[in-house]
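Hi,

Here is the structure I promised to pass on. Have a look at it first, and my notes follow below.

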Amino acid sequence: MTDAHACPCGRPAPGTNLCGRCADDTRDRLLRIADRWPTLTAALQWRETPSAGPVPPKPRPVEYDDGAGNATGLTTNGQASYAMTKAASVVRYVASVLRDEYDDTGKPFNPPATDGSMDDIPKLARWIGMWHMAYLAHRFPDEGTVEAIRDDVRDAEKATFRAVRPTGEHWAPVNLDCGEHGTSDLGERIDCPGRMWAKVGGD
């Protein structure tokens with residue numbers, strides 16, 4: 001890097017890979033990926049019910065008797081799946097870049113404990129953002145790698161944003177009680193406790 005080096009955004013970045021604003025932005029995007037992970041996990045699948053539409057995504061495992069009626073199947077949320085896969089790929093790549101660099105230079109590499117599952121991603125994203133973004137931005141020897149990381153993290157974070165705030169086809173509450181009902185073993189009418197949902201945003 002020369003004194004005339006410029007950040008990919010065009011701002012001067014003498015002696016560094018990224019300007020301060022882009023370094024902070026990349027760190028913040030990694031932290032947002034980590035913060036959105038529980039919502040993405042909850043949104044990954046929702047369950048259809050015969051009378052009340054989908055059981056909406058919740059930040060906890062869906063219980064068997066949530067909503068009205070019996071479950072008729074799981075619907076995969078493609079947008080959430082895509083965002084999680086994209087973010088996981090980027091975060092794991094950055095962790096591997098740091099591991100290789102630290103091994104080459106004899107520095108300790110101490111990431112959080114992981115088990116190889118998708119649950120690793122928010123921990124790694126937060127660890128990289130909080131503790132290693134400054135090294136990548138200022139001291140990592142390959143500026144091209146850091147610039148690619150900046151772009152990939154930006155794209156992954158945007159994908160997670162679109163997944164948790166969809167503008168395309170998705171289920172939305174319509175603030176109406178379900179009009180269906182069932183019958184008890186004694187012949188009594190049992191109103192459905194569910195709420196109505198509508199699929200919106202499609203063609």
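**Salt bridges and other contacts**

Arg150 is buried, at 15% relative accessible area (buried means under 20%, exposed over 50%, partly exposed in between, with a 1.4 Å probe and protein chains only). Its side chain meets that of Asp151 in a salt bridge, 2.6 Å from N to O (a side-chain nitrogen of Lys or Arg within 4 Å of a carboxyl oxygen of Asp or Glu). Asp151 is partly exposed, at 26%.

Before I go on: this is a predicted model, where local features need pLDDT of at least 70 and side-chain atom pairs count only at pLDDT 80 or more, while totals for chains, interfaces and linings use all residues. Residues are numbered from 1 along each chain as its sequence is written, and side-chain values use heavy atoms, leaving out hydrogens and water.

The structure holds 12 salt bridges. Asp25, Arg29, Arg32, Arg36 and Glu157 are linked in a network of them. Arg29 is buried at 13% relative accessibility, whereas Asp25 is partly exposed at 31%.

Glu157 forms a salt bridge with Arg32, the closest N and O atoms being 3.2 Å apart. Glu157 is in helix α5 (residues 143–164) and Arg32 in helix α1, so this pair ties together parts 125 residues apart in sequence. Glu157 is buried at 5%, and Arg32 is partly exposed at 31%.

Helix α1 (residues 20–43) also meets helix α2 (residues 78–105): their axes come within 10 Å and cross at roughly 145° (axes are lines fitted to C-alpha atoms over the stretch in contact, with angles from 0 to 180 degrees between N-to-C directions). Residues making the contact include Leu30, Ile33 and Trp37 of α1 and Ala83, Met84 and Ala87 of α2 (contact means heavy atoms within 4.5 Å).

Further along, Pro111 sits in the loop between α2 and α3 (120–131) and is partly exposed, at 32%. Leaving aside neighbours within four places in sequence, Pro111 is in contact with Leu124 and Trp127. The C-alpha atoms of Pro111 and Leu124 are 7.1 Å apart, although 13 residues separate the two along the chain.

Lastly, Thr183 in strand β5 (residues 181–183) is exposed, at 56%.

Cheers

Technical notes
Helix = DSSP H or I, 4+ residues; strand = E, 2+ residues; numbered from the N terminus.
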